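Here's a quick briefing to read with the model open beside you.

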Amino acid sequence: MAPIFPATVLRTGTVVLRPFSSADVADTQAAAADPLTQEWLPLPCPYTLDHAVDWCTIASHRLRTEGKGIHFALADAETDRLLGTVGLRRTNWRSLTSELGYWTAPWARRRGHAAEATRAVSHWALQEHGFERLELKAAVDNVASRKTALRAGFREEGIMRNAGIVHGGRVDLALFSLTPADL
Ligand SMILES: CC(C)(COP(=O)(O)OP(=O)(O)OC[C@H]1O[C@@H](n2cnc3c(N)ncnc32)[C@H](O)[C@@H]1OP(=O)(O)O)[C@@H](O)C(=O)NCCC(=O)NCCS
């Protein structure tokens, strides 16, 4: 049987990273339907409450139990309100590589949460699970995401031409990586 990430809760100074639950449905729907989220992520459009129910109670958990990665809900450490998500996907347990992705909710942006959570999840994967390389890809015009990657300690490697698909069409992607040598 393929290895899987254990169900995990990570805490940093201001946020907690934990599994999604049904309590996150309304906030997930609002954040995933937000215009900036829709601009840069190929999520269903319109993003309905049914999509959010499926994501919070089934789909985000299935990724982990099938060994393909792990999706963390990023929540306020004091109130537990949903602030965003950071996930590992396309996990390859043979090469010990994975791809990291994120969004934050409109009510949580520009407070350092995405970078802090990305740092926590990536260090956990490299240090606790022996991963050798994490990749992060952002559309070249997605300034906030590119800055988040750098702020979290990732290094830019170059441009993957015509490699991404967003609702607006095909885009070039900036490729970032983090390896144990960077820590
Ligand atoms: C990208 C995203 C997750 C950033 O979340 P965030 O919580 O606001 O990010 P942080 O507060 O941790 O900021 C990280 C860096 O990005 C910068 N930043 C954040 N939003 C920005 C914006 N709109 N314009 C310019 N820079 C921005 C911050 O200033 C910081 O840079 P610094 O290190 O130079 O100070 C958020 O904008 C988002 O959800 N976007 C829509 C979905 C998306 O693009 N996901 C990624 C797809 S690859």
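What follows covers the ligand, the sheet and a few backbone details.

This is a predicted model, so to speak: local features need pLDDT of at least 70, side-chain atom pairs count only at pLDDT 80 or more, and totals for chains, interfaces and linings use all residues. Residues are numbered from 1 along each chain as its sequence is written, and side-chain values use heavy atoms, with hydrogens and water left out.

**Around the ligand**

- There are 23 residues around the ligand, and Tyr102, Thr104, Arg110, Gly112 and Asn142 come nearest (a residue is near if one of its heavy atoms lies within 4 Å).
- Tyr102 has a backbone N or O atom 2.8 Å from a nitrogen atom of the ligand, and Ala115 has a backbone N or O atom 3.0 Å from a ligand oxygen atom.
- Arg151 uses its side chain instead: an N or O atom there is 3.0 Å from an oxygen atom of the ligand.
- On its own the ligand exposes 920 Å², and the protein buries 81% of that (areas come from the Shrake-Rupley method with a 1.4 Å probe).
- Helix H2 (35-40), strand S5 (97-104), helix H4 (113-128), strand S6 (133-139) and helix H5 (143-151) each give two or more residues to the shell; helices (H or I, at least four residues) and strands (E, at least two) are DSSP runs, numbered from the N terminus.
- H5 gives the most to that shell, with six residues.
- Sorted by class, the shell has 10 nonpolar, seven polar and six charged residues (Ala, Val, Leu, Ile, Met, Phe, Trp, Tyr, Cys and Pro count as nonpolar, Asp, Glu, Lys and Arg as charged, and the others, Gly among them, as polar).

**The sheet**

- Eight strands make an open sheet with mixed pairing, in the order S1-S2-S3-S4-S5-S6-S8-S7; two strands pair if DSSP finds at least two bridges between them.
- Strand S1 (10-11) and strand S7 (155-166) are at the edges with a single partner strand each, so one side of each has no neighbour in the sheet.
- S5 is mostly covered, with seven of its eight residues buried (buried means under 20% relative accessible area, exposed over 50%, partly exposed in between, with a 1.4 Å probe and protein chains only).
- S5 runs antiparallel to strand S4 (residues 82-92), joined by seven bridges, and Leu100 in S5 is the bridge partner of Leu88.
- S4 and S5 form a hairpin with four residues between them, and Leu96 in the turn has a positive phi of about 55°.
- On to S6: three bridges join S5 to S6, which run parallel, and Glu99 stands opposite Glu135 in S6.
- From S5 the chain crosses through H4 to S6 in a right-handed β-α-β crossover (with the strands pointing away from the viewer, the path from the first strand over the helix to the second runs clockwise).
- S6 also pairs with strand S8 (residues 169-178), antiparallel over six bridges, where Ser177 is the bridge partner of Glu135.

- Most residues other than glycine have a negative phi, and most peptide bonds are trans.
- The Cys45 to Pro46 peptide bond is cis, with omega near 5°, and Pro46 is in the loop between H2 and helix H3 (49-65).
- Arg90, in strand S4, has a positive phi near 50° and is exposed at 60% relative accessible area.
- Asn162, in strand S7, has a positive phi near 60° and counts as partly exposed at 45% relative accessibility.

Conventions
A polar contact is a pair of N or O atoms within 3.5 Å; within protein, one must be able to donate a hydrogen and the other to accept it, and residues adjacent in sequence count only if both atoms are side-chain atoms.
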